[in-house]
Amino acid sequence: MKLTDSALRSFRVARIYQDNSERVNCLDYSPNGENAVSSSDDDRIVLYDMIRGKPIHTLYSRKYGADLIRYTHGDSQKVIYSSNKLDDTIRYLSLADNKYIRYFRGHTARVIALSMSPVEDMFISGSLDKTIRIWDLRAENSQGLTNPLGRPICSFDPDGLIFAVGVESQAIKLFDVRAFDKGPFKSFELTLNRSCDWSGLKFSKDGKQILISTNGGIICLLNAFSGDVLHTFSGYNNSRGLTLEACFTPDSQFVMIGSEDGRVHVWNTENGMKVAVLDGQHQQPIGAMQFNPRYMTFATACSTMRFWLPVIEDT
């Protein structure tokens, strides 16, 4: 089934899971799309089997808390995640036996961005200590550090060759992974029309676009090569300045974001037109959402998880 405007409008909530007592702060799909994992403010890490369509295990990180959880490269049994309680260490966890493999220490303030390389065992982290650190899963010490001179958000591109850093909600800097110590090879200045802070940065799967999400009622789509603004998307509720996650569909043709009234808004990346507003009847703001990289489903979360499927009408 191909993603089209009408196909997206047909999505409905297929399953609802209430495994959390507080806000789900992050969710991620495994690279093969067969598993999902969530972290939440109640210190739970919940694992989901997407083939059977149900949660299969709950782990706890009561001492450290759990945030920004990410599957590692090509492995559905290992994750990294940041702390939102005790310290600013990033933890590398085996889901199979609930044991820590490694601790990544170095940041001196809360980690606010975490991106895993799609091609190798590297990841990058951005922190309120105003640094970006580059890590290798096989070594506890960071492999490099850059000071982008401001509050950073960051993400790898889909080829794992470059990473982008958003700085102080006004500039994007592109770094070569193999020569990051030489500084950015390209920078873009960007001024949005509203007073808000950038909260997330993502590349489209084809690598041609960058999506900037904010804590205001606006998200911005950029040309990844020139930095030109392609579209700005608004018209969704975020009056409280919340961090609401936006995402691309796997074909890079659509952008999606949740809202504080529990609905999902969808735009076409080519023409910038809104194509759908989907009501999943969330009772709280949708803070986390992701589209499955392999299957025709996506997930949204407040304190409950909802998995969506398209409704295929008989002809």
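Author: Rings of Phe, Tyr and Trp (its six-membered ring) pair if their centres lie within 6.5 Å; planes under 30 degrees apart count as stacked, over 60 as edge-to-face and the rest as tilted. This is a predicted model, in which local features need pLDDT of at least 70 and side-chain atom pairs count only at pLDDT 80 or more, while totals for chains, interfaces and linings use all residues. Residues are numbered from 1 along each chain as its sequence is written, and side-chain values use heavy atoms, with hydrogens and water left out.

Reader: Which residues do ring pairs link into a cluster with Phe11?

Author: A search of the whole structure finds 18 aromatic pairs. Ring pairs join Phe11 into a cluster with Phe291, Phe298 and Trp308.

Reader: Are the rings of Phe298 and Trp308 stacked or edge-to-face?

Author: Phe298 and Trp308 are both buried, that is, under 20% relative accessible area, where exposed is over 50% and partly exposed lies in between (1.4 Å probe, protein chains only). Their ring centres are 5.0 Å apart and their planes are at 20°, so the pair is stacked.

Reader: How many residues apart in sequence are the parts that Tyr48 and Phe307 tie together?

Author: The ring centres of Tyr48 and Phe307 are 5.3 Å apart with planes at 65°, so this pair is edge-to-face. Strands (E, at least two residues) are DSSP runs, numbered from the N terminus. Tyr48 lies in strand E4 and Phe307 in strand E28, so the pair ties together parts whose separation in sequence is 259 residues.

Reader: Which residues have the most contacts inside the largest nonpolar core?

Author: A nonpolar core is a set of buried Ala, Val, Leu, Ile, Met, Phe, Trp, Tyr and Cys residues joined through side-chain atoms within 4.5 Å. The largest one has 18 residues, and strands E15, E16, E18, E19 and E20 each supply at least two of its residues. Those with the most contacts inside this core are Ile172, Ile210 and Ile212.

Reader: What separates the C-alpha atoms of Ser76 and Pro31?

Author: Ser76 belongs to strand E7, residues 75-82. Along the chain, Ser76 and Pro31 are 45 residues apart. The separation of their C-alpha atoms is 7.3 Å.

Reader: Over the ring of which residue does the charged end of Arg62 sit?

Author: A charge sits over a ring if NZ of Lys or CZ of Arg is within 6 Å of the ring centre and within 35 degrees of the ring normal. The charged end of Arg62 is 4.1 Å from the centre of the ring in question, that of Tyr60.

Definitions and conventions. Helices (H or I, at least four residues) and strands (E, at least two) are DSSP runs, numbered from the N terminus.
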